[in-house]
Amino acid sequence: MASVALTSSCSLGFSRIKSRASPSRQGPNLVFANPVFTKSNSNSSSFIKPLSLTPIFTNKRIQKSHRELTVKAAASTPAAATPPSQQPWQGAALKPLMASIATGVILWFVPVPSGVSRNAWQLLSIFLATIVGIITQPLPLGAVALLGLGASVLTKTLTFSAAFSAFGDPIPWLIALAFFFARGFIKTGLGNRIAYHFVSLFGSSSLGLGYSLVFSEALLAPAIPSVSARAGGIFLPLVKSLCVACGSNTGDGTENKLGSWLMLTCFQTSVISSSMFLTAMAANPLSANLAFSTIKQQIGWTDWAKAAIVPGLVSLLVVPLILYVIYPPTVKSSPDAPKLAKENLEKMGPMSKNEIIMAGTLLLTVGLWIFGGMLKVDAVTAAILGLSVLLVTGVVTWKECLAESVAWDTLTWFAALIAMAGYLNKYGLISWFSENVVKVVGGLGLSWQLSFGILVLLYFYSHYFFASGAAHIGAMFTAFLSVASALGTPPYLGALVLSFLSNLMGGITHYGIGSAPIFYGAGYVSLAKWWGYGFLMSVVNIIIWLGVGGIWWKAIGLW
């Protein structure tokens with residue numbers, strides 16, 4: 001008896017086996033007239049376990065059956081696997097990238113103006129190319145900024161240490177720390193608890209909720225001399241919690257439900273509150289010091305607040321309302337929201353241990369921000385101390401901090417812009433620009449009011465080239481105040497107006513003031529809308545501060 005083992009070992013099923021007749025068997029053996037198969041229980045029709053087949057090769061019927069079985073097995077085998085489709089392009093968006101590069105290359109080869117160094121002009125071309133890249137976003141913002149720094153080092157425009165010098169600046173780190181605080185605020189549930197309290201009091205309308213946040217921030221402004229600390233450590237976590245509590249999240253199409261309007265409103269009003277008090281922004285004392293050195297008149301805390309209070313309050317009332325009309329939340333009224341918020345508070349029960357730790361840490365940090373001047377503790381040191389408490393107690397883990405990609409991305413692009421803008425000033429480009437503006441405006445022969453208006457606009461919108469209010473003030477404040485005074489502007493009035501505008505101009509971009517990257521980084525508003533509405537609100541603020549403010553300043557005898 002001949003026995004052959006047949007194994008299905010390939011996708012084609014059975015293989016054909018040559019017949020071997022035993023010399024002792026010349027005729028058919030009916031005992032083995034039918035083959036015996038042991039089929040796999042597998043669900044796959046193309047895979048059959050080893051089976052035992054004992055054929056009688058002299059039987060034509062069995063041979064025919066074997067051929068049919070071979071054909072069926074082959075037919076049941078799936079077609080050859082198709083090659084995988086080509087992966088989509090994972091790199092930069094090419095058209096925006098080309099636009100950014102073209103901007104830099106064109107300006108690079110433009111003849112350098114007289115009075116400007118070659119390095120300054122090269123850095124300007126790289127800086128503008130980076131700004132175009134940040135606007136068009138061929139890559140994430142941090143990557144675009146890193147490319148700009150790389151280009152400045154590669155072309156020997158900046159040394160490596162100069163290009164990355166701003167990573168040692170406290171402001172970008174304070175902004176990053178703000179995102180870590182926000183993580184703990186939301187993770188512990190403290191953010192939701194406070195958000196529900198706000199909604200229970202003011203949540204029947206989105207506008208009422210917005211105004212409650214706006215004036216809460218304005219009340220804290222004179223006590224916390226860092227707009228980054230106020231925005232990132234206190235109001236960003238609160239606003240994010242409110243948005244989430246109201247069902248407005250990023251990435252799921254619900255941004256416009258509440259979050260987009262609320263984020264933009266809180267940002268635009270943060271620059272207003274910063275302009276209202278001498279101690280509301282870190283660079284305000286610098287303006288006061290430069291004013292004294294230029295016109296020999298001291299701007300005191302009371303004088304600043306007295307001059308700013310009326311236009312400031314008008315702006316705080318008008319700006320949220322205008323944004324509410326032109327960029328409205330889709331949910332404007334929710335009369336049941338206060339009741340639902342109270343129910344949710346009851347469900348949350350008493351504060352958990354982590355909530356208590358988070359609340360205590362927040363109070364400690366805010367206290368150091370308020371009294372840090374007396375204790376010689378700056379804002380970023382206070383924030384690091386607060387984060388240390390959260391890390392040690394496990395309220396926030398370092399792994400969670402590392403996962404905050406927006407924080408690290410913001411740190412990268414903001415530090416890069418600070419470095420490039422700072423070296424534009426060091427290379428003398430800003431002073432060259434200021435001197436030429438002064439010559440042109442001074443030669444027009446206009447009244448002091450018109451001349452001062454032109455100077456104000458040039459001072460304000462040149463902030464597109466700055467990633468720091470302090471850098472802008474240090475580079476241009478003295479020159480513009482000197483020229484304004486020489487053209488007949490009352491010196492004290494000129495100093496106050498330039499000081500106020502040094503805060504308000506921060507609202508035109510997502511990098512112009514410390515609160516900008518914090519609120520923009522939340523992800524509720526696109527970059528195009530951020531810049532577009534920023535420009536519109538800048539026009540509104542200029543009209544209010546020079547119009548309403550001008551009348552008020554006349555009434556109190558400033559001119």
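Me: Which residues on the other side of helix H13 are exposed?
Reply: Happy to start there; this is a predicted model, where local features need pLDDT of at least 70, side-chain atom pairs count only at pLDDT 80 or more, and totals for chains, interfaces and linings use all residues. Residues are numbered from 1 along each chain as its sequence is written, and side-chain values use heavy atoms, leaving out hydrogens and water. Helices are DSSP runs of H or I with at least four residues, numbered from the N terminus, and exposed means over 50% relative accessible area (1.4 Å probe, protein chains only), buried under 20%, partly exposed in between. On the other side of H13, the exposed residues are Lys339, Glu346 and Lys347.

Me: What arc do the buried residues of H13 cover around the axis?
Reply: The buried residues in H13 are Ala337, Pro338, Ala341 and Leu345. They lie on the same side of H13, because the arc they cover, taken from the directions from the helix axis to the C-beta atoms, is only 95°.

Me: Which helix is included in what covers the buried residues of H13?
Reply: Contact here means heavy atoms within 4.5 Å. The cover over the buried residues of H13 includes residues 190–202, which is helix H7.

Me: How many disulfides does the count come to?
Reply: A disulfide is a pair of cysteine sulfur atoms within 2.5 Å. By this rule, the count is zero.

Me: How far from Cys246 is the nearest cysteine sulfur?
Reply: Cys246 is partly exposed, at a relative accessible area of 31%. Cys246 is in no disulfide, and the nearest cysteine sulfur belongs to Cys243, at 7.3 Å.

Technical notes
Helices (H or I, at least four residues) and strands (E, at least two) are DSSP runs, numbered from the N terminus.
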